[in-house]
Amino acid sequence: MQVDSGKRIREVKSKVAVVGGGVVGFSTAVCIAETLPHCSVTLLADKFSPETTSDGAAGILIVHPFPDIALERQRHWFRDSFEHLLAIAQSQDAADAGVLLSSGFTKAGGKVQEKKVSSLEELQADYDVIVNCSGLGSEELAGDADLYPVRGQIVKVDAPWLQLFIRSDAGKSYIYPGSRYVTLGGTRQEGDRRLEFDPGDAEHILERCTRLEPSLCRATVLGHWVGLRPYRKNPRVEMEAPQVDGRHVVHNYGHGSYGVALAWGTAVEACKMVRLCLEERHPTAKL
Ligand SMILES: Cc1cc2nc3c(=O)[nH]c(=O)nc-3n(C[C@H](O)[C@H](O)[C@H](O)COP(=O)(O)OP(=O)(O)OC[C@H]3O[C@@H](n4cnc5c(N)ncnc54)[C@H](O)[C@@H]3O)c2cc1C
C-alpha cells in the first residue's frame, strides 16, 4: 500500500523480472504468475523458441545426483517436475506442451519482452525482484566462472515405425521417438561452443544409432540441431543477499543435461524465494 499526496491509498503491484526464455525461464515465470497473482511478471529474453537450447532437448526425464545439493532437495525438484509434466502428458494438450508454457504465462497475466540484458543491475530501477534464468548467459550476467557449455548435436529423422526408445553407452547414444520425428544422438563436448552442425559428428551419430537399430538405414534425415547445455557442478538455485537499495536477485540456472527434467521443480523453489524477497521488501503488499 502507498499513500499519495492526496492521501488516497493505492495498491502497489510488486514487479518481478524473469530473464530467460528457455524452459527454465518460462517455467519460473508461469509459476510466479500463478502463485503470486497480484505481482506483475515480465519475462525478458533475447532468444525465444525455436532458438533456445531447450528447443532441441528430447524431453527425457533422467537425472543424476548433483554432488553438493542435499538429496531431499533434489528429490523435490524431480518429483515436482515429474508430477507437473505427467499431468500435461495425460491431458489433451500433451502434443503442445511447449506452446502451453508460453501461452500459459500470458494467460496468467505475464508480459514478454524481447531484449538483450547487458547486466542484472540495469533492471534494478524497474523491478523489485530479478530472477535470473539465463542458462549459459549467466557466464556474463552473473559473472559465473563455474558455468561452461557442453555441446550437444542431434540428428532428426523420419522413422515413424519406431515406438520405443533406446539409450546406450551411458547415454552417449540414443534413439528417442517423438510425436513429429525421431531424435538420434548425441554428443557431449565439454567447453565446445560451436553452434554450427558438424558433418563428422552427424555421421558418427547415424553410425552408432544404426548399429543399435538397423532399420534406421531406411530413415530419412530431416535435419540437424546443435545446442549448448548450461553445465555446472550443481545448478544454482539461490537468493542473493539484498542489494544496497533493497532490491533482490534470485538465480535459477545451470541445469546442464537436465533442464527439462528439473525446470518445474526448481521453478517452484525459485518462486518461494521470490515470495520471501517481496515479503521483506513490501511487508504489507498483497501477493
Ligand atoms: C542435444 C541436447 C539434448 C538434450 N536433451 C535433454 C533431455 O532429454 N532432457 C532434459 O531434461 N534436458 C535435455 N537437455 C538439456 C536442456 O536442453 C537444458 O538443460 C535446458 O534447455 C536449459 O534450459 P534454460 O532455460 O536454462 O536455458 P536456455 O534454453 O538456453 O535458455 C536461456 C534463455 O536465456 C536467454 N538469455 C541468455 N542471456 C541473456 C541476456 N543477456 N539477455 C536476455 N536473455 C538472455 C536466452 O535468450 C534464452 O532465452 C538437452 C540438451 C541438448 C543440447
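**Entry 1, the ligand shell.** I began with the composition of the shell around the ligand, in what is a predicted model, and by class I found 18 nonpolar, 20 polar and four charged residues. The shell comprises 42 residues, of which the closest to the ligand are Gly 22, Gly 135, Gly 137, Gly 152 and Gly 259.

I recorded the crossing of H1 with H6 as right-handed. On the H1 side the contact uses Val 23, Val 24, Ser 27, Thr 28, Cys 31, Ile 32 and Thr 35, and these meet a set in H6 that includes Gly 259, Val 260, Ala 263, Trp 264 and Val 274. Sorted by class, the contact of H1 with H6 holds 12 nonpolar and five polar residues and no charged ones.

I turned to helix H2 (71-89), whose packing on H6 (residues 259-281) has an angle of about 110 degrees and an axis separation of 7 Å. That value makes H2 roughly perpendicular to H6, and the crossing of the two is right-handed. From H2 the contact draws on His 76, Trp 77, Phe 78, Arg 79, Asp 80, Ser 81, His 84 and Leu 85, and from H6 on Ala 261, Leu 262, Ala 263, Trp 264, Gly 265, Thr 266 and Val 268. I counted the classes here as well: the residues of the contact of H2 with H6 divide into eight nonpolar, five polar and two charged.

Is Met 273 buried or exposed? I put Met 273 down as buried, because 20 other C-beta atoms lie within 10 Å of its own, and 20 or more is what that class requires. Leaving aside residues up to four places away in sequence, Met 273 touches Met 239 and Val 250. I also took the C-alpha to C-alpha distance from Met 273 to Ala 285, which is 16 Å for 12 residues of sequence separation.

I went through the backbone for cis peptide bonds and noted one from Ser 49 to Pro 50, with omega near 10 degrees. Pro 50 sits in the loop between strand E4 (40-45) and helix H2. Another cis bond joins Gly 185 and Gly 186, with omega about -5 degrees, and Gly 186 has its place in the loop between strand E10 (182-185) and strand E11 (189-190).

Where do I find Asp 169, whose phi is near 50 degrees? Asp 169 is in the loop between strand E8 (166-168) and strand E9 (173-177), and Ala 170, with a positive phi of about 55 degrees, is in the loop between E8 and E9 as well. Neither residue is a glycine. Asp 169 counts as exposed because it has 10 C-beta neighbours inside 10 Å, and Ala 170 counts as exposed because it has 7.

Asp 146 lies in the loop between helix H4 (138-141) and E7, and I class Asp 146 as partly exposed because 13 other C-beta atoms are within 10 Å. Asp 146 touches Arg 232 and Lys 233, residues up to four places away in sequence not being counted. Between Asp 146 and Lys 233 I noted 87 residues in sequence but 7.6 Å in space, C-alpha to C-alpha. Last, I looked up Gln 243, in the loop between strand E13 (236-239) and strand E14 (248-253), which is partly exposed with 13 other C-beta atoms within 10 Å. Gln 243 is 193 residues from Pro 50 in sequence and 35 Å from it in space, C-alpha to C-alpha.

How values were computed:
Residues numbered from 1 in each chain as written. Predicted model: local features only at pLDDT ≥ 70, side-chain atom pairs only at ≥ 80, totals over all residues. Helix = DSSP H or I, 4+ residues; strand = E, 2+ residues; numbered from the N terminus. Buried ≥ 20, exposed ≤ 12 C-beta atoms within 10 Å, placed from the backbone. Axes fitted to C-alpha atoms, helices over the stretch in contact; angles between N-to-C directions. Parallel < 35°, antiparallel > 145°, perpendicular 65-115°, else oblique. Left-handed = near helix turned anticlockwise from the far one by under 90°. Contact = placed C-beta atoms within 7 Å. Nonpolar A, V, L, I, M, F, W, Y, C, P; charged D, E, K, R; others polar. Near = placed C-beta within 6 Å.
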